[in-house]
Amino acid sequence: MARRGRRRPLVPGAGPALEALKAEVMSREGWAVNPARPGDVKYEVARSIGVPLQPGTGGELRTDQAGAVGGRIGGPMVREMIRMAQERLAKRQ
């Protein structure tokens, strides 16, 4: 079953902070990121790996194509969140 609409963060109100994190992390990874529209980095990532993603056309992607784009973005974000959590835990001790 296809998912409709935009994904929402589990924590209400966390969206802007997640978008800022995405902009920071992807910029550090070397991608050109517009801080006002960090979600658009997915089009640059898709283009770089040969995935035909254009605004408004994501529904036509195969699962492996969507995963390839999402992994290139989500992987660095998850690594950064783990690093941040480890840093905070270390300060507690």
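**Exercise 1. Is E80 buried or exposed, and what is its relative accessible area?**

Solution. The model is predicted, so local features need pLDDT of at least 70 and side-chain atom pairs count only at pLDDT 80 or more, while totals for chains, interfaces and linings use all residues. Residues are numbered from 1 along each chain as its sequence is written, and side-chain values use heavy atoms, with hydrogens and water left out.

Begin with the cut-offs: buried means under 20% relative accessible area, exposed over 50%, and partly exposed in between, with a 1.4 Å probe and protein chains only. E80 has a relative accessible area of 8% and is therefore buried.

**Exercise 2. Find which residues link E80 to other charged side chains in a network of salt bridges.**

Solution. A salt bridge is a side-chain nitrogen of Lys or Arg within 4 Å of a carboxyl oxygen of Asp or Glu. By this rule, E24, R28, E80, R83 and E87 are linked in a network. Within helix α3, E87 and R83 lie four residues apart, about one turn of the helix, and their side chains meet in a salt bridge at 2.8 Å, N to O. E87 counts as partly exposed at 39% relative accessibility, and R83 is likewise partly exposed, at 37%. The whole structure holds seven salt bridges, including one between D40 and R37, whose closest N and O atoms are 2.7 Å apart.

**Exercise 3. Describe the largest nonpolar core and the elements that contribute to it.**

Solution. Start from the chain, which has three helices and zero strands. A nonpolar core is a set of buried Ala, Val, Leu, Ile, Met, Phe, Trp, Tyr and Cys residues joined through side-chain atoms within 4.5 Å. The largest one has 16 residues, and M26, V41, V45 and I73 have the most contacts inside it. Two or more of its residues come from each of α1 (15-28), α2 (41-48) and α3.
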